[in-house]
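Subject: Structure handover

Hi,

Here is the structure I promised to pass on to you. Have a look at it first, and then read on for what I found.

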Amino acid sequence: MRDWNTKGRDRQARLEAGLRFATGKIVAAQDLVAFLEATLRPGDRVCLEGDNQKQADVLAKALAKVDPAKVNGLHMVQSGVVLPEHLDIFETGIARRLDFSYSGPQSARIARMMFGGQIELGAVHTYLELFARYFIDLTPQVALIAAVSADKDGNLYTGPNTEDTPTVVEATSFGKGLVIAQVGEIVDRVPRVDIPADQVHFVVDAGRPFYVEPLFTRDPAAITETQILTAMLAIKGLYAPYGVRRLNHGIGFNTAAIELLLPTYGERLGLKGKVCTHWALNPHPTLIPAIESGWVEQIHCFGSEVGMEDYMRARPDIFFTGPDGSLRSNRAFCQTAGLYACDMFIGSTLQIDLAGNSSTVTGGRVAGFGGAPNMGSDARGRRHPSAPWLRAGQEADPDGPPPLRRGRKLVVQIGETFGDGNAPMFVERLGALDLADKLDLDLAPVMVYGDDVTHIVTEEGIANLLLCRDKDEREQAIRGVAGYTEVGRARDRTMVDRLRERKVIQRPEDLGIDPLDADRGLLVAHSIKDLMIASGGLYRPPSRFRNW
Amino acid sequence: MENLRYELSTTKPAGGTRAVGLVGVVASGNLEVLLERGEAPDRCVIDIATPAHGFAALWQAVTADFAVRMAAGGLRITINDGGARPDTVALRLAQGVHLMEKPE
Amino acid sequence: MTSPSPTRHSWYEESARGRLAHLLDPGSFTEFLGPERREFSPHLGLFNLPHQLDDGIIVGTGRLDGRPVLVAAQEGRFMGGAIGEVHGAKLTGLLRAARQMKRDVVILFDTGGVRLQEANAGELAISEIIRATLDARAEGVRVVGLLGGRAGCYGGGSLIAGCCSALVISEQGRLSVSGPEVIETNKGVEEFDSRDRALVWRTMGGKHRYLIGGVDLFVDDDVAAFRAGAVAALERPATLDQAVLTAEQARLERRLARFGDAADGTEVWARLGVAHPAGVPDLDTSAFLTIATRKREGADAAR
């Protein structure tokens, strides 16, 4: 007769092996390596929690120290490859196969290790896509997660940086896997229960908080005039005419400039209350002045941001906070919100080709995707109407029957025609294709597909790709805002002029914007200090961003 | 350093009476533009010193557009470049012409 | 909403030319050796480095609240405001003129010190500037330094600042002989983590310098505040004689004995009797001045 509970028995065996190192559920930090050697098996599918923000760093360090003779060939299924240890385990053979989403700071090393064959790559995912696979074909057998504190029973408080934890625990625990948490401290009573104890099998007292990267802090002092110009174009040329109220901003100085222009330039255009009221967004410090001046009604967050904790606690109408007062973030829900309930995604990229495909893969770097491709894609399952969504759909298909016409999410790429190191943003061929060739991948790592992109904003103007009727128009619309890059200089000037007459391309002067007005004086805050002052002293910037 | 010179035909003479104008600073990704008068009203001469070699085609494209679009006739322009991007160059040139139009 | 005042205009963010325009009475400025004279560094081209037409310093004459002054402004964004041969010569010449004309000088510091590519000429220039400063001061000329630029005031620049008759600083201003990176390189990251910016400001920043009497006036990071500070600094006594120097030497010895073993600015402030030293960096200007006026170690007439 078939055994219907092999997974449950497997977990029971791991539990018993682990209990030798535990008092109740609590494992002492000095026993961590031996404990992992006892509970992990060669070839296990393991989720080591970490994304572009929070990291289960103590568990990562311990995993890198296990004996590869005992634990090897692990299949890592995790959001972020961020810490050196995340790759060290592939060098020592502890791990072999990798399915992941984001690898920002390790983008060069991970590429080298893929080229060298040390990493067997499953796929690079978006966050939401990887989470989905946790419930289908990549369910972890062991999850190594991070929380702020635990009580003796194993109830966890994850604090403002809840992020991926509920999703990882849900898949692992109910999928009969083992959940091991590092916590900063053991307390009598947790401030709120983010993860119930019966989903948590072991708790390690790390004695210090888990690592968090302040990834979403942009210093207003570093915003350039050109970035301000692109922000003015976006506000006047897109936010205003479409009336975009529900949106997500990617990370970057262009979007930070938009946030800092809302209370000045946006106010002057009479847009307050008409745009940017509801957000799927991390707590960007640059949004503080807009929040304080009443632009924003509600924000749901993927994660938190270092230094923003007290500010959010003091603005419970705006942020999702728990009974303890602190932020509750949730990456999976916020990604879903960004996909289905936002009318616009706007973000930067490193390369855009002539079809509008974009990628952040350049010169032997594999940075992964994070959440951008999910935000930056049209939700084909969406069914509820909204004015911007319907208008975009109408522009794409003016002759279709309105009741049967799909709307479109506005997917906007914004940037300067030349980026860091004077690298052109517009290219004939994406670096992602070279990478796919080199690694023999079936799919090149494209961040946002050209058929999802609706607009491209550069300092030269806005290209509305919804209004392009064929491939040639689309190519010339892109060339027409590509500035002095080779792609831009190779434009067909006659065709670009025609596209401009049809408002497929709009120049600053077509929108009544004088580039000489793109002055830093328009920014509502000029420095991190200004943001702190705007928050009434509630925002406490990390040391690296201070100049006081 | 690479030194480039462009002698351009212009469409409009520069406005204002200010003899000299300076915009920008020589810093990473930035440049200084000194504007003086003294050329024929249908002509603009631009001298460029840049540490980035091999970008003559870009400088030519940016300065040619500038001469067509802006009121630059009669100007003698000196650029010291700190590795600025073309959009920044175009912006500084426009700011320079604007400054020359303003009363001192 | 407690937003930054819309009328505030940051000194820190302004260019050297922009600072001068806001500091001086409108229309009163005349530049000596302006960019059109093309007196730039003859050395930088050898290193494939671009020159700037004014070599990163603007010198000239103008009026401050009606009072004629000579002024010099360093541009911190050009090579970190570093002092090379021409840059140094322009400042030396200005100070020599000040002595002859018996006219007060205002220097807008924004410098990392000597320019590495012309180090010998730069070091010589620092010595010449210091001599010219002291010569001018011996004739009763006031030399006021304003400290609030992006590059701070480091190296030889800090030595020149030390010879001024009065110094005005903002919170963003930094004044130190060795910069953060130099200390970390020579003494190790355990001694000084140059990336810990809060530490940099706790040990070299405007509030700390004001509290230990290293500068005379503390102002907001605002062009109008710096103008008012410069006017006030020009009213201060500027005697430079044996008695003043002896008093200053004694003060510095006391300071060393009192704070020499302190590891951080907060420790120094605690010893000065500041009740909540950790909170000092977050205080706004008026709250800070309320505490500082009572607790700071006085700079005496040596300044």
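How many residues of chain A are in contact with chain C, and how many of chain C with chain A? Keep in mind that this is a predicted model. In it, 15 residues of chain A touch 16 residues of chain C. On the chain A side of this contact, the elements that give two or more residues are α10 (288–292) and α19 (528–534) of chain A. The most comes from α19(A), with three residues. Sorted by class, the side of chain A that touches chain C has six polar, five nonpolar and four charged residues.

Some words on confidence: the model scores ipTM 0.95 and pTM 0.94. For chain C, the mean pLDDT is 94, and 96% of the residues of chain C reach 70 or more.

I also looked at a helix pair within chain A. Helix α3 (residues 57–65) of chain A packs with helix α4 (residues 84–91) of chain A at an angle of about 15 degrees, and their axes are 9 Å apart. Angles under 35 degrees count as roughly parallel, so α3(A) is roughly parallel to α4(A). The crossing in which α3(A) passes α4(A) is left-handed.

Which residues make this contact? From α3(A) they are A:Ala60, A:Lys61, A:Leu63 and A:Ala64, and from α4(A) they are A:Glu85, A:His86, A:Asp88 and A:Ile89. By class, the contact of α3(A) with α4(A) has four nonpolar, three charged and one polar residue.

Best wishes

Terms used:
Residues numbered from 1 in each chain as written. Chains lettered and ligands numbered in written order. Predicted model: local features only at pLDDT ≥ 70, side-chain atom pairs only at ≥ 80, totals over all residues. Contact = placed C-beta atoms within 7 Å. Helix = DSSP H or I, 4+ residues; strand = E, 2+ residues; numbered from the N terminus. Nonpolar A, V, L, I, M, F, W, Y, C, P; charged D, E, K, R; others polar. Axes fitted to C-alpha atoms, helices over the stretch in contact; angles between N-to-C directions. Parallel < 35°, antiparallel > 145°, perpendicular 65-115°, else oblique. Left-handed = near helix turned anticlockwise from the far one by under 90°. pLDDT = per-residue confidence, 0-100.
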